[in-house]
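Here is a short report to read alongside the sequence and the structure. It goes from the fold of one chain to the interface, then to single residues.

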Amino acid sequence: MTKDQPEIANSPSTGFSSAIRHWFSWNIEASEWDIFWASTALKLLLFPSYRSTDFEVHRNWLAITHTLPISKWYFDTTSEWTLDYPPFFAYFEKFLSIFALLVDPKIVDLNNLNYDSWTVVAYQRATVILTELVLGTAVLGFIRGSVEPPVQRIISAALFLHPGFLIVDHIHFQYNGFMFGILLWSILMARNGNKLVSGILFAVLLNFKHIYIYLAPAYFIYLLRSFCLSPAGRIQTKNFLSLANAVIAVFVVSLGPFVLMGQIPQLLSRLFPFTRGLNHAYWAPNFWALLTTVDRVLLRYIKQTGADIPINKFGVSSTSRGLVGDTVFSVLPDLKPIHALVITVAWQSICLIKLWRNPTYKSFVTALTLCGWSSFLFGWHVHEKAVLLVLIPLSLLAAERQAYFRTFVIASVAGIFSLFPLLFTPTESIIEVAYSTLWIAFVYAPLSRRVYEYPKSIAYVIMDVLEKVYLAGFPFLLLFVTLFPGWASRRRQDNGEPDAGYSKLEFLPLMATSVYCSIGLIWGFCRLIFIYHYEETTYQGQLNEIR
Amino acid sequence: MHKRGMKELVVPGVIAVSVLVRLVMGLASYSGWNTPPMFGDYEAQRHWMEITLHLPIRQWYTYDLQYWGLDYPPLTAYVSWLCGLIAHWIEPRWVALNQSRGIETPASKLFMRLTVVILELLVYIPALVMFARVWQGSRSKRTQELALLTILLQPALLLIDHGHFQYNSVMLGLTLFAMNFFATGQDLLGAFCFVLSLGFKQMALYYAPAIGSYLLAKCLYLGPTAGGKLFIRLAMVTSLSFILLFLPFLPPFSPLSTVLHPISRIFPFSRGLFEDKVANFWCASNVVFRWKHWASTYFLLKLSTLLTALGFLPSVVVLLRAGIKLYMASIEDSVQRKEKLSHTPFLPLLPYALLTSSLSFFLFSFQVHEKSILLALMPVTLLLSGAPVDSPVYSWGILVNNVAVFSMWPLLKRDGLAVQYIATLLLWNRVIGYNPVRLPPKSFIQFISMGAYAAAIALHVLEWVITPPARYPDLFSVLNVLISTPVFVVAWLWSIKCGIEVGWALGGLGGERKNASDEKVTVVKGSYRQVGGRAVSLGYAQSRRREADRSRASSVVADAVS
């Protein structure tokens with residue numbers, strides 16, 4: 001909305017920013033301030049919105065880190081929401097608790113469970129907005145020194161205003177904006193050729209939230225190949241040692257105290273609870289969601305036809321429990337975590353081999369995206385929120401070419417749609433849909449014209465049409481998801497019997513969302529892998545100019 | 001976006017963004033949330049849906065008056081009935097008679113919030129889009145879009161309609177439609193719209209002197225025959241629309257006495273001079289004069305009526321004078337009758353007259369609510385929306401808007417809208433690119449702006465830091481009134497000054513025209529934009545006729561302004 005206001009850009013509003021400009025060499029433009037202030041206002045207005053239990057989780061962590069000595073942080077069980085993020089995040093909460101104490105001492109009271117006065121809401125929500133400035137500065141950094149600033153400006157704005165952050169951070173409540181800010185700073189450092197800092201920042205990030213381990217293989221290969229080895233393949237001892245020492249130092253700062261206290265097993269058991277099932281409560285839109293659906297359909301088919309195929313009894317009971325709890329296949333062969341791991345690693349290696357051969361910046365970002373994507377699609381017990389690990393790095397590639405852009409659009413639409421079920425209160429649901437629609441419109445309109453390419457063969461035309469049909473299906477899916485519960489409850493009332501097969505269908509909207517989105521995300525993954533491996537080397541995209 | 005060839009996307013985009021802001025505002029609490037047994041304005045509006053849906057029309061204005069009895073004119077009642085019908089279709093419990101009192105489920109709240117947004121989309125926003133086209137048609141597309149955004153994100157209306165909960169945008173939108181139709185020369189349609197506005201909320205009476213004298217001036221301008229004809233037509237349209245509005249309360253549909261119910265409910269003269277703390281003359285001067293202590297209600301009623309009339313008199317005089325003067329000029333000049341009908345040279349006076357009239361009502365009339373400042377904000381925001389950043393209109397418009405929001409702070413605080421107060425002010429001031437430090441240095445407007453903002457910020461800090469002494473629990477509200485009222489008074493005087501300036505420029509047309517040689521006209525045309533004749537030129541929108549008219553009037557207007 002702020003891109004279309006050059007009148008403002010010339011208006012006296014630059015008075016304040018010119019003062020800042022003086023001692024900050026940032027050179028922040030009026031339109032960038034506009035985006036910042038407008039989005040801040042919007043986030044402030046979201047203060048009273050719905051909060052998930054994650055809000056209480058983080059409040060509890062403030063209390064834990066404030067009241068208890070460091071030795072008890074990972075042992076405390078006063079609340080059911082125990083500390084299960086790595087130590088840097090705990091230190092971060094400790095830092096925030098200092099100011100929380102000033103705002104309202106009751107926030108950091110360990111036994112004051114489910115405290116929800118407006119002071120704690122305002123304080124915690126404000127910290128999300130403030131820490132998101134890390135993201136803000138990172139995306140600004142991408143504009144400075146970019147090959148094509150106008151395009152990067154759109155991508156940067158799209159990242160800063162990403163609906164994923166609005167839904168997950170500012171409504172649902174988490175600190176993803178802050179953490180993806182660190183990730184983007186790390187990628188930015190890689191782009192600017194400062195690979196040592198890039199590696200350090202990623203190590204720091206891993207110690208904030210260990211889910212970023214999904215991306216670690218790409219970092220490992222990239223830094224090893226392009227920083228620790230010379231192009232000819234000889235080892236660069238100095239680089240290698242400095243990187244290794246720096247990363248070890250980061251881990252020492254983070255884990256050191258716990259090593260000394262001998263708490264590492266306890267810490268690891270909190271960070272990696274391996275007792276969970278294949279799918280999360282609401283299926284993340286990945287390969288397993290699709291497979292589970294196939295299993296359900298097969299089961300129904302077998303029950304109807306009476307075909308002679310062995311059925312797993314646990315699996316049958318698992319279906320009747322809908323989507324809650326563990327999933328066990330009833331027809332298909334059962335799956336162990338190790339299988340998921342092997343498949344994930346296999347897909348990642350395919351990309352990493354290419355990265356090893358071609359360790360440029362653009363190749364790195366693509367491999368990073370694909371690494372996150374394989375983990376998301378084939379990982380064990382993946383959360384729907386992890387889709388941001390795909391969408392955020394992918395956004396950096398959005399304007400590369402028609403092929404990248406189309407992948408970006410499909411993945412973004414499917415990925416953001418798959419986040420919708422996180423919010424189920426009526427007003428918030430409308431807001432998330434309205435905001436996401438606006439976001440995609442404002443990103444799509446300027447970029448699509450820039451990257452448009454004429455389809456080369458009939459196969460491309462068919463693919464193009466099919467993809468458009470898929471995207472056009474989302475409004476209908478939305479309609480179905482919105483109207484189905486009301487329709488089902490009305491049918492149930494009309495029939496007079498409370499459980500005439502409709503309660504089984506209670507989870508149908510969630511399942512439909514998950515399956516439909518997973519199709520898009522799997523297709524996007526295939527597209528990107530294909531593009532990554534077969535793209536001609538002579539191609540001139542903006543990022544190709546950065547080695 | 002203009003550069004990238006997406007012009008057609010801008011207006012829908014602006015509207016979509018502002019709708020999003022409205023939806024997000026809707027998350028906030030509303031007046032009377034969780035405060036049984038009476039709740040607040042939200043419950044009143046919801047209750048009206050309930051009674052209009054379930055009761056026969058003759059009981060609408062008489063049913064259980066103690067619990068939020070209907071006291072708005074019939075159009076509000078009809079709209080409530082329609083909303084109630086839809087609510088009943090979706091979920092009967094939201095509007096069940098008597099059973100639904102104080103219902104606060106998330107879904108019912110969403111429904112209520114959406115009715116405001118949808119009615120605004122149906123009435124106010126189309127009126128604004130039309131305003132940008134009709135009144136600012138000669139301006140660049142970009143200016144029009146920025147004007148639209150400026151008006152759409154106006155914080156006071158956002159906070160009251162979508163936070164506190166009311167339907168002011170419908171009343172304002174209908175009045176705005178009236179203004180638009182006056183600008184296109186469809187006076188009868190305009191009059192009909194204004195009657196609808198009055199029929200939605202009696203508060204639109206604040207505009208009545210300006211609208212009435214504008215139409216009268218138009219009749220005078222047209223001369224005895226054409227003007228007389230228009231006058232009779234206007235009278236007929238107005239009275240017929242009123243009859244139409246009250247039709248269900250009139251024979252043969254109900255006994256004649258029924259119509260007295262709504263009327264006695266709409267005008268409650270039995271209440272006092274003012275109730276809450278409101279930033280008008282009476283409440284502010286009460287600190288010194290203690291009106292209620294020594295003066296009878298009847299005396300005060302008369303006094304306030306007198307002062308109000310004196311307050312809007314200048315605008316009436318200026319409009320009528322312009323009408324007569326221009327009629328005289330047109331006789332000499334034999335302007336085509338047809339052109340006169342569709343195009344009124346003194347149209348630019350209308351926004352100033354509306355501002356003067358609504359501010360005089362706000363400052364001096366009886367039983368004013370703090371929310372009534374919204375009526376004065378509409379004309380001033382319309383004026384500022386098209387003004388260049390260095391013009392006085394721009395600075396005044398923003399000052400009045402910001403101080404108006406500040407004057408409603410006690411109410412907003414009570415409603416739990418503190419965060420929204422900050423966020424909307426921040427958003428709007430940023431979007432329109434306002435920077436009070438950059439106002440014309442050492443000008444009166446800079447002096448008063450800086451003073452008002454400094455005082456407002458100081459008061460907020462004080463209120464945050466210390467609790468008021470037990471003897472003066474209303475200390476901060478009174479201080480708020482004492483800060484806001486002077487600004488409104490000065491704004492009222494300023495609006496009179498502008499009205500007289502513009503009117504003088506137009507009225508002087510007759511005498512000066514013959515001397516205005518072609519040479520002079522071309523010279524002035526060049527400097528037209530820079531002299532800030534922009535807001536004044538609001539009426540010269542019809543691009544077809546732009547050339548002749550503008551050169552004629554702008555020469556004089558530009559002289560007057562510079």
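## Fold of chain B

In chain B, residues 24 or more positions apart account for 78% of the contacts with a separation of 6 or more. Contact here means heavy atoms within 4.5 Å. The model is predicted: local features need pLDDT of at least 70, side-chain atom pairs count only at pLDDT 80 or more, and totals for chains, interfaces and linings use all residues. Residues are numbered from 1 along each chain as its sequence is written, chains are lettered from A and ligands numbered from 1 in the order in which they are written, and side-chain values use heavy atoms, with hydrogens and water left out.

Chain B has 25 helices and 0 strands. Both are DSSP runs, numbered from the N terminus: helices are H or I with at least four residues, strands are E with at least two. Of the 562 residues in chain B, 60% are buried. Buried means under 20% relative accessible area, exposed means over 50%, and partly exposed lies in between (1.4 Å probe, protein chains only).

## Interface of chains A and B

The contact takes 40 residues from chain B and 40 residues from chain A. The size of an interface is often given as the accessible area lost when the parts come together. Between chain B and chain A, the buried area is about 3700 Å². This is the accessible area (1.4 Å probe) that two parts lose on being put together, summed over both. Carbon and sulfur atoms give 75% of the area buried between chain B and chain A.

How many salt bridges does the rule find across the interface of chain B and chain A? It finds 1. The criterion is a side-chain nitrogen of Lys or Arg within 4 Å of a carboxyl oxygen of Asp or Glu. The partners are B:Arg430 and A:Asp34, with 2.7 Å from N to O. The interface of chain B and chain A also has 2 residue pairs in polar contact, both at pLDDT 80 or more. A polar contact is a pair of N or O atoms within 3.5 Å; within protein, one must be able to donate a hydrogen and the other to accept it, and residues adjacent in sequence count only if both atoms are side-chain atoms.

On the side of chain B that touches chain A, the elements that give two or more residues are H1 (7-25), H3 (74-90), H4 (106-135), H5 (141-152) and H20 (418-431), each a helix of chain B. H1(B) gives the most, with 12 residues. By class, this side of chain B has 29 nonpolar, 6 polar and 5 charged residues. Ala, Val, Leu, Ile, Met, Phe, Trp, Tyr, Cys and Pro count as nonpolar; Asp, Glu, Lys and Arg count as charged; the others, Gly among them, count as polar.

## Cysteines

A disulfide is a pair of cysteine sulfur atoms within 2.5 Å. For A:Cys351, the nearest cysteine sulfur is that of A:Cys371, 6.3 Å away. A:Cys351 counts as buried because its relative accessibility is 0%. B:Cys498 also counts as buried, at 7% relative accessibility.

## Two serines in chain A

A:Ser375 sits in helix H18 (residues 361-378) of chain A. With a relative accessible area of 4%, A:Ser375 is buried. Its side chain makes a polar contact with the side chain of A:Gln348, at 2.8 Å. Not counting residues up to four places away in sequence, A:Ser375 touches A:Tyr214, A:Thr344, A:Gln348 and A:Val382.

A:Ser429 belongs to helix H21 (residues 426-451) of chain A. The side chain of A:Ser429 reaches back to a backbone oxygen, that of A:Thr425, at 2.7 Å. Neighbours within four places in sequence aside, A:Ser429 is in contact with A:Leu423 and A:Phe424.

## Backbone and surface in chain B

B:Pro36 and B:Pro37 are joined by a cis peptide bond, with omega about 5°. B:Pro37 is in the loop between H1 and helix H2 (41-54) of chain B.

B:Trp68 is not a glycine, yet has a positive phi of about 50°. It lies in the loop between H2 and H3 of chain B. B:Trp68 counts as partly exposed, at 24% relative accessibility. B:Arg290, not a glycine, has a positive phi of about 50°. B:Arg290 is in the loop between helix H12 (281-289) and helix H13 (291-294) of chain B. At 43% relative accessibility, B:Arg290 counts as partly exposed.

Is B:Leu122 buried or exposed? B:Leu122 is exposed, because its relative accessible area is 58%. B:Leu122 lies in helix H4 of chain B. B:Leu122 and B:Gly173 are 51 residues apart in sequence and 9.2 Å apart in space, C-alpha to C-alpha.
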